[in-house]
Amino acid sequence: MLFALFLLVNCYTFGQNFGFESQGPPDNSTFPQFDYVTIDGDSISSKELADKIVIVNIWFVGCSGCKQEEPYLRKVTELYQNDEDIVFLGFCMTKPERIKRYLEKNGEIGYTNISLGREEVKEKYGVVLSPTHFLIKNGILMAKLTAPIIPELKTLDWFEDEIRKLKN
């Protein structure tokens, strides 16, 4: 376990200018526009979210780091569940039926999930590693993180601080 934590700390650096800069669009750039259907059949687009704070989590069923961060993501989304200015989106690289089964078994974490193919995620968002998180305000990518949101890496503190900054 300690070795795994050591590897995570050394392989997954986080935040702006701390590594994995090639993951995703550049900070302070316009986030790619999208128009998707959620796994529940609802339409959602970047245009309708243009004046919101949008938190995107790119993940897939079977990702160990994604599973590890679930209780902490749930904690954060519960804090903001009544805030109409914040939207949590999961771009999941798994088929919709499998996502639904997974969430039924493991519980919701407060994100609206969209099923996307790995190639689209790579081509459109520049992401090959999961979990990856994007924090977007008014359509601009303000911060990003390629690592699990967990207390051991201090990424949970970073994530919560970044959301607070976006709110102010």
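The protein chain of this predicted model comprises five helices and seven strands, where helices (H or I, at least four residues) and strands (E, at least two) are DSSP runs numbered from the N terminus. Along the sequence, these elements follow the pattern α-β-β-β-α-β-α-β-α-β-β-α. Because the model is predicted, local features need pLDDT of at least 70 and side-chain atom pairs count only at pLDDT 80 or more, whereas totals for chains, interfaces and linings use all residues. Residues are numbered from 1 along each chain as its sequence is written, and side-chain values use heavy atoms, with hydrogens and water left out.

Of the 168 residues in the protein chain, 48% are buried, a class defined by a relative accessible area under 20%, with exposed meaning over 50% and partly exposed in between (1.4 Å probe, protein chains only). The accessible surface of the chain, computed by the Shrake-Rupley method with a 1.4 Å probe, with only the protein chains shown counting as cover for residues, comes to about 8800 Å², and carbon and sulfur atoms account for 52% of it. Among contacts (heavy atoms within 4.5 Å) between residues at least 6 apart in sequence, 73% join residues at least 24 apart.

The whole structure contains seven salt bridges, each defined by a side-chain nitrogen of Lys or Arg within 4 Å of a carboxyl oxygen of Asp or Glu. One of these pairs lysine 67 with glutamate 70 at an N to O distance of 3.4 Å; the two residues are three apart in helix 2 (residues 64–79) and are therefore separated by about one helical turn. Lysine 67 is partly exposed, with a relative accessible area of 40%, whereas glutamate 70 is buried at 7%.

A further salt bridge joins glutamate 160 to lysine 75, with the closest N and O atoms 3.2 Å apart. Because glutamate 160 lies in helix 5 (residues 155–167) and lysine 75 in helix 2, this pair ties together parts that are 85 residues apart in sequence. Glutamate 160 is buried, with a relative accessible area of 13%, while lysine 75 is partly exposed at 39%.

Within helix 5, glutamate 162 and lysine 165 are three residues apart, so that about one helical turn separates them, and their side chains meet in a salt bridge with an N to O distance of 3.0 Å. Glutamate 162 counts as buried at 10% relative accessibility, whereas lysine 165 counts as exposed at 54%.
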